[in-house]
Amino acid sequence: MSLRASYRVESLPRISTLARVRLRSLTSLNSLTSLTTTLPTSPTTSAATASLWRRNHSWRSPALTTPPSCRSRLTTYSSLISVPRTSPFDKARSTTPSKTLIRHCSYRRQNMCRLAGDVEHTGGANPDPTKGRELLPTNVIPTHYDVTLEPNFDKFTFEGKVLIDFDVKDETKSISLHTIDLDIHSANIKSGDNVTSSSSAITYDKSKQVSKIDLQDAIPTGKAQLEIKFTGQLNDQMAGFYRSTYKKPDGSEGVLATTQMEANDCRRAFPCFDEPMHKAKFTVTLIADKHLTCLSNMDVASESEVQSEISGSTKKAVKFNTTPLMSTYLVAFIIGELNYIETKKFRVPIRVYAPPSSDIEHGRFSLSLAARTLEYYEKIFGADFPLPKMDMVAIPDFAAGAMENWGLITYRVVDLMLDEKASGAAMKERVAEVVQHELAHQWFGNLVTMDWWEGLWLNEGFATLMSWLSCNYFYPEWKVWENYVTDNLQSALGLDSLRSSHPIEVPVKRASEVDQIFDAISYSKGSCVLRMISTYLGEETFLEGVRRYIKKHAYGNTQTEDLWAALEEASGKPVKEIMSIWTKNVGFPVVQVTENPADSTIQVKQNRFLRTGDTKPEEDQVLYPVFLGLRSKDGVDDSLTLTKREDVFKVKDLDFFKLNANHTSIYRTSYTPERLTKLGQSAKEGLLTVEDRAGMIADAGALAVSGYQKTSGVLNLLKGFDTEESFVVWSEIIARVATVQSAWVFEDKTVKDGLEAFVKELVSERAHKLGWTFSDKDGHVEQQFKSMLFGAAGMAGDQAIIAASKEMFNKYMDGDKSAIHPNIRGSVFSMALKYGGKEEYDKVLNFFRTSSNSDERNTALRCIGRAKEPALIKSTLDLVLSGEVKSQDLYLPASGLRSHAEGIEALFSWLTEKWPAISKRLSGNAPILGSMVTICTSSFAKPEQLKKVEEFFDGIETKSFAQPLAQSKDAIRSKISWVERDRDDVAAWVKENGYGASS
């Protein structure tokens with residue numbers, strides 16, 4: 001499943017996914033100014049290192065009584081690919097690092113059980129009761145579902161019948177399965193057409209979402225079939241079998257029925273064993289009016305006329321071919337008025353479907369990309385796409401970004417349909433990323449599936465990584481790996497720096513908990529861990545391990561250890577021992593570097609990094625295998641790995657070195673001020689890559705937040721980048737200043753104005769130099785660079801850009817749609833709202849109401865919160881729950897209000913006042929509810945504000961959003977500590993650098 005970027009609400013502001021575009025590598029960089037660094041002392045002495053290491057890590061071996069030293073790891077600079085490095089346990093060897101700093105093309109570019117019996121016939125499992133998971137009994141194991149459904153579009157209900165074939169493992173008089181909001185009318189055990197046993201009672205456990213069917217007669221071991229007839233709700237919660245509405249060309253409302261089963265909502269569509277370990281085959285029949293299109297995972301087997309049990313009229317019954325073994329969360333079906341386009345440029349037909357509210361021709365980009373991507377994935381995964389067709393459908397109401405249902409992928413309209421005349425280059429990149437993410441799932445997640453939800457990262461981390469790999473293959477000019485450092489890696493490190501983060505392999509006891517781990521840990525950190533192991537093994541070896549994994553476990557269920565085993569088999573390296581530390585523990589280290597010129601060595605020391613800067617000894621027990629990736633003038637030496645608390649390494653030439661080359665490893669690096677100054681000079685000499693420069697800025701900014709250095713030092717560092725030429729570096733510069741601004745949003749106006757003046761000074765000259773007109777000659781990256789600088793300068797008060805923006809806005813609203821290029825539409829709208837009043841607000845609101853383009857409507861919603869007059873803030877908040885904004889988009893107008901102090905205060909007041917209505921509307925969709933809680937709370941930065949949040953939620957049931965709420969509070973605590981520590985430091989810096997009120 002692909003998350004919308006907006007659902008990954010980060011406590012540190014970052015340039016949005018649609019603005020943080022992949023950038024070209026340029027080397028010019030001004031000198032870096034010194035940072036005043038204060039290094040927290042370690043709570044653990046080096047004398048205890050070996051004991052702690054043995055006690056806390058999984059590098060278990062009778063032969064290893066001390067932490068292993070990691071040697072001989074060497075790579076040249078590449079995207080995902082690298083020269084295979086040796087195991088940390090291998091004997092050291094002599095290597096000669098390459099001097100070439102060139103980019104190589106990569107390879108062509110979000111435990112309990114095991115399968116029981118023959119995987120060809122059963123998807124059953126043998127649970128381990130010691131794990132404490134809340135699972136269904138396994139006295140019966142489903143092997144096949146025959147599901148028949150007929151929706152009622154007048155009453156918003158549906159009638160259903162399911163025949164479930166079982167393997168009965170133990171004689172039983174009861175069967176338990178999952179249901180939500182289903183009225184079961186009858187339940188019978190059948191043999192052919194004969195009823196052999198009927199239900200004597202049906203009871204429901206609401207907390208476990210389990211219906212228990214007690215039978216009059218026991219069923220013996222062997223084969224059995226259960227028939228259940230039921231009625232369900234065609235809900236509007238974007239979960240299970242639900243309804244989605246859209247506006248037809250004639251202005252009337254259209255309704256379609258669609259599904260979203262992941263994680264635990266197949267049980268809303270029909271009674272089932274709704275756990276990923278219970279793979280089965282599915283035969284789906286849909287009954288609908290003859291003019292409606294019916295879709296499911298498989299192709300159509302037959303179509304016949306039937307009499308509707310609901311209306312008595314003649315309808316069609318569309319029966320689909322039986323699926324391969326698959327988990328319930330991947331089942332999908334759709335009924336509605338749909339148009340389609342098709343390509344046969346792949347082995348099997350591929351179609352894009354959309355309701356009449358969308359121009360079906362806008363699906364051409366996704367259609368073409370899907371054909372090429374499926375062919376590419378078949379090659380690198382070494383396995384054919386096993387279904388007879390691939391459909392991709394735009395759904396008007398959709399909670400996530402997309403869902404990887406096998407053979408029937410569903411998307412938000414904006415994430416599938418691309419109008420290249422109305423959308424900018426960043427949106428094109430977003431669509432490509434989402435399409436390729438979902439197609440990767442067809443193998444990783446669908447063909448091979450985690451056995452339980454703590455393995456979610458296997459699905460999402462892998463699909464995330466593959467979307468970048470394939471995007472780089474098809475669009476090398478986008479230079480996506482350069483942006484990986486500022487996008488995926490920073491998303492992962494940002495969330496994982498909170499005390500309330502969780503391990504990649506997070507224990508999940510109840511299925512209801514899983515919604516809260518569809519986050520940057522499962523997606524971004526998961527993909528970063530996989531990229532790190534790919535760099536460790538070499539890309540070809542990594543992909544060979546993936547091919548073995550897929551071949552061995554096709555149509556089955558796995559655990560993380562199964563992937564490690566396949567990679568070990570392909571590489572001969574101890575992958576499990578290395579990577580289990582990263583996946584089973586929360587957090588990551590900060591590596592402090594000190595130098596000893598006398599013997600040309602560096603001392604490196606690792607401690608857990610927390611954004612709040614208050615790591616406790618008991619939180620700092622894990623010692624990670626840190627791949628140091630030493631860059632020097634001779635190239636990148638990957639032979640150095642820190643496996644102890646601290647160690648000393650020889651460096652040939654201390655004049656130039658940098659750790660974590662290209663930032664392919666998961667840690668922050670803390671240098672001395674003198675080393676940062678030298679690195680600045682090295683960057684000017686062309687010795688640092690784009691990833692190195694952007695990653696160095698990101699690390700410095702994060703270290704200031706946590707107290708490892710003063711904020712004034714980071715601001716001076718950023719000021720020294722005024723001649724930087726890379727967009728990815730500039731995006732990180734702007735993001736880091738925005739981080740300071742967000743923490744200081746409730747501080748003295750003079751300081752806030754000074755920070756804004758600093759941004760204007762940083763970006764205005766370059767924004768004017770690049771300009772804000774666009775032509776066909778502009779490259780993909782250049783378009784993004786122009787639009788980012790234009791927006792940043794204008795929002796910081798550049799009067800020439802504000803005037804140009806106002807002129808464009810007025811012409812656009814008067815009907816000249818060519819007046820604003822799509823790349824800067826959001827910036828122009830934002831400036832109109834920030835510097836305008838009610839007239840501009842009303843125009844943007846009317847634009848939202850009248851546009852038929854999803855991207856345009858989203859732009860209006862995303863910007864409208866920028867208006868900060870009290871009456872306009874109230875209008876924005878009223879809009880959120882007015883019914884005009886779809887539930888999937890509620891976060892958009894709310895998010896805009898986080899850009900100013902008035903909006904942040906108003907958001908929380910609105911949340912407390914409207915909580916019953918908000919929680920009721922989003923009760924069926926915990927991820928969106930959690931996002932709204934985050935949006936309305938995490939921008940606070942004062943102790944009294946944190947207290948208000950804690951007091952409000954003290955008397956409220958928070959189980960469904962406990963994780964995002966805890967993370968919001970941690971983010972607030974971090975800002976409180978940061979501002980209290982550096983309030984005077986920042987104020988003095990603003991004054992000393994002439995950014996006061998008169999600037």
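Alanine 201 stands opposite aspartate 214 in strand E6. The two strands here are E5 (residues 194-205) and E6 (residues 210-219), which pair in the antiparallel sense over 6 bridges. The model is predicted. Its chain holds 25 helices and 29 strands.

**The open sheet**

- E5 and E6 belong to an open sheet of 10 strands with mixed pairing.
- The strand order is E3-E6-E5-E4-E7-E2-E1-E10-E13-E12.
- Which strands stand at the edges? They are E3 (172-178) and E12 (300-307).
- Each edge strand has a single partner strand, so one side of each is left without a neighbour in the sheet.
- Neighbouring strands of this sheet are turned by 20 degrees against each other on average, with direction ignored.
- In general, strands of a sheet pair through backbone hydrogen bonds, either parallel or antiparallel.

**Burial and the nonpolar core**

- Of the chain's 999 residues, 64% count as buried.
- The accessible surface of the chain is about 34,300 Å², and carbon and sulfur atoms account for 48% of that surface.
- The largest nonpolar core has 306 residues.
- Six of these touch the most other members: Tyr145, Phe270, Phe333, Met466, Phe542 and Leu659.
- Helix H4 (residues 456-474) gives this core its largest share, 11 residues.
- Leucine 659 touches, among others, Val591, Val593, Ile602, Val604 and Leu628, leaving aside residues up to four places away in sequence.
- Its contacts also include Gly629, Leu630, Tyr667, Thr669 and Tyr671.
- In soluble globular proteins, nonpolar side chains tend to be buried together.

**Tyrosine 484**

- Tyrosine 484 sits in helix H5 (residues 480-496).
- Is tyrosine 484 buried or exposed? Its relative accessible area is 2%, so tyrosine 484 is buried.
- Tyrosine 484 touches Leu465, Trp468, Leu489, Ser527, Cys528 and Arg531, not counting residues up to four places away in sequence.
- Valine 728 is 244 residues from tyrosine 484 in sequence, and the two are 9.5 Å apart in space, C-alpha to C-alpha.

**A helix crossing**

- Helix H2 (residues 364-381) and helix H7 (residues 539-553) have axes that come within 8 Å.
- The two axes cross at roughly 90 degrees, which means H2 is roughly perpendicular to H7.
- On the H2 side, Lys379, Ile380 and Phe381 take part in the meeting.
- On the H7 side, they meet Leu543, Val546, Arg547 and Ile550.

How values were computed:
Residues numbered from 1 in each chain as written. Predicted model: local features only at pLDDT ≥ 70, side-chain atom pairs only at ≥ 80, totals over all residues. Heavy atoms only, no water. Pairing = 2+ DSSP bridges. Helix = DSSP H or I, 4+ residues; strand = E, 2+ residues; numbered from the N terminus. Axes fitted to C-alpha atoms, helices over the stretch in contact; angles between N-to-C directions. Core = buried A, V, L, I, M, F, W, Y, C linked by side-chain atoms within 4.5 Å. Buried < 20%, exposed > 50% of the residue type's maximum accessible area, 1.4 Å probe, protein only. Contact = heavy atoms within 4.5 Å. Areas by Shrake-Rupley, 256 points an atom, 1.4 Å probe, with all protein chains shown as cover. Parallel < 35°, antiparallel > 145°, perpendicular 65-115°, else oblique.
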